[in-house]
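Visitor: I would like to learn how to read a few features of a model. Please show it first.

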Amino acid sequence: MTTTVAPTSATAPSGKSTGGSGKPKAAKLVRMLPLSPAIGLMLVFLAGPIIYCVYAAFTNMALTGPGAANVKFVGLDNFRKAFSSGAFTNSIWLTLVFTLISAIIGQNTLGLGLSLLMRRSTKVVRNFVGTAVIGAWVLPEIVAAYLLSAFFNDDGTLNVMLHAVGLPGQDWLYGAPIIAVSLANIWRGTAFSMLVYSAALSEIPKEIEESAAMDGAGGWRRLLFVTLPMITRAIMTNLMLITLQTLSVFGLIYAMTRGGPGTKSQTLPLYMYEQAFSFSQIGYGTAIALVMLAIGAVFSLIYLRGLNSEAA
Amino acid sequence: MIARDRMSKLASNLVLLGIGVLFVLPLLWVLFASINRTAGLRVEFPTHPTLGNFKAVLNTDTTYRPVLNGIVLCGGAALLTMICAVLAAYPLSRFRTRFNRPFLLTVLFCTGLPITAVMVPVYGLFVQLNLVDTLGGTIMFMATSALPFAIWLTKTFMDGVPLSLEEAAWVDGAGNMRALWAIVLPLMWPGIAVVLIFTFIGMWGNFFVPFMLLLSPERLPASVSIFTFFGQYGEPNYGQLAAYSLIYTTPVLLLYLLLSRKLGGAFALGGAIKG
């Protein structure tokens, strides 16, 4: 992607001049015309809602009650309310736990581990594991949620397995819902990291690792000082993408626990949904959405910075 | 040394197999439960396998209409995404202007935005525009949310088509759109297929967007209507739920197989994402 950030393939169409500086402005605009459907859609359905979000977050907009009849500007009230509310801070906390366990630790490490192990395994095993992991990824979100609800249920397969080896089971969806949904997200999302890392590892020239082995570097040292540094870019890219994906997971958690029991697995998207639609507080809901967008934007910017500095 | 290599290879295989089994177990449940008349929540092979669950769900209300809705919704949105993405990718890939870089960075920035967060204002917008519960509006929003990533991928694939081929066409007097249609697209159809199928798969599984924007049961796609298995009657029929899940999943699995067999599939995609 580095190469695509700074378009290098572009020369002037006729080959007469580079950059088309000789062309009149109108002709240049015409060339850009094919962009307009995409820009139009994104302005109306992405930029529009985001701007609307910024506006609504500072109002008392609601579907019912006083905020429905006349919408009033309330300044920072929604944000003050949010940050002083236990349910909001609880959901921020749960979102962080969910993202840390399921994306940054789970999907990322497991994906990397799988792709490393796959390089040294036999083809049959590699194909079996690859298919199983990717199968979990391709399943529609809600189907995955049902499979895992069954798996983590009190009567489910996980407890059967635990009992079989003499460990106590529990009703995971009630006793440890955030752990259950985090494991579910690992099951569902690891394929992405595995694919990214497999692609990255396949591009490391064999000679480099072989010569490190010749110099007497053992397996772990080779991994730490040769292999991993060579795929740093892939690691950063992957971490950012899966962090952002995990931040906005809704369907999986909603179908597995509905955020419960109580609010024990109510991450930010579920809290926002509840406030905006179950309680009809659109203004407050958009304020939470704005906080989410801000978190996403911060990650996006860090990611862009990383890409940019690599491209430069 | 060779003995050690063998040991490490064996260890790798064993660890991989263990992880693979953990990934397969939940999948086994759906397979077994779908042919089990008395399916429960644990993985167990049915004593009397039956196709009764499939028969029970194969009717208009439960399966045919939601699947058809899904095809209209996701097919329409994926096509719209693809058309806009190809059109947008062409000038981005072919001409250098001051506008390209900021635009591409904005697109990349948008791929990172949590769509979940945009849904509340989008719902508000849809209420204002009278678009709630319309297939057209939902198609347009789904297409837009997939666009940034699709533009990005399409441009990456288009960059792989050498510019020199078009220069000949330009000399012959062909316009840009003609060159795109006659020269660039035929050369990048595998890339187009990857983006199209990947976009469709993503939409097929998307729950939140149609869940928010569509209301009438007769318009709901399969990703949302699956919820009706948990109705007001308490415990759902797990066998039927599993059978329906399989039916709902099949199109995506077939497309994915097509993708990986014919086109290098997700590995090509992994390569494109990796940078």
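Visitor: Which residues in H8(A) meet which residues in H11(A)?

Guide: This is a predicted model, where local features need pLDDT of at least 70, side-chain atom pairs count only at pLDDT 80 or more, and totals for chains, interfaces and linings use all residues. Residues are numbered from 1 along each chain as written, chains are lettered from A and ligands numbered from 1 in written order, and side-chain values use heavy atoms, without hydrogens and water. On the H8(A) side, A:Glu141, A:Ala144, A:Leu147, A:Leu148 and A:Phe152 meet A:Ala180, A:Leu183, A:Ala184, A:Trp187 and A:Arg188 of H11(A), contact being heavy atoms within 4.5 Å. By class, this contact has eight nonpolar, no polar and two charged residues.

Visitor: At what angle do H8 and H11 of chain A pack?

Guide: Two packed helices are described by the angle between their axes and the distance between the axes. Here H8 (residues 141–152) and H11 (residues 177–201) of chain A pack at about 130 degrees, with axes 10 Å apart. That makes H8(A) oblique to H11(A), oblique being what is left after under 35 degrees (roughly parallel), over 145 (roughly antiparallel) and 65 to 115 (roughly perpendicular).

Visitor: Which residue of chain B has a positive phi although it is not a glycine?

Guide: Most residues other than glycine have a negative phi. B:Asn130 has a positive phi of about 60 degrees, and its place is the loop between H5 (115–128) and H6 (135–159) of chain B. At 67% relative accessibility, B:Asn130 counts as exposed (buried is under 20%, exposed over 50%, partly exposed in between, with a 1.4 Å probe and protein chains only).

How values were computed: Axes are lines fitted to C-alpha atoms, for helices over the stretch in contact, and angles run from 0 to 180 degrees between N-to-C directions. Helices (H or I, at least four residues) and strands (E, at least two) are DSSP runs, numbered from the N terminus. Ala, Val, Leu, Ile, Met, Phe, Trp, Tyr, Cys and Pro count as nonpolar, Asp, Glu, Lys and Arg as charged, and the others, Gly among them, as polar.
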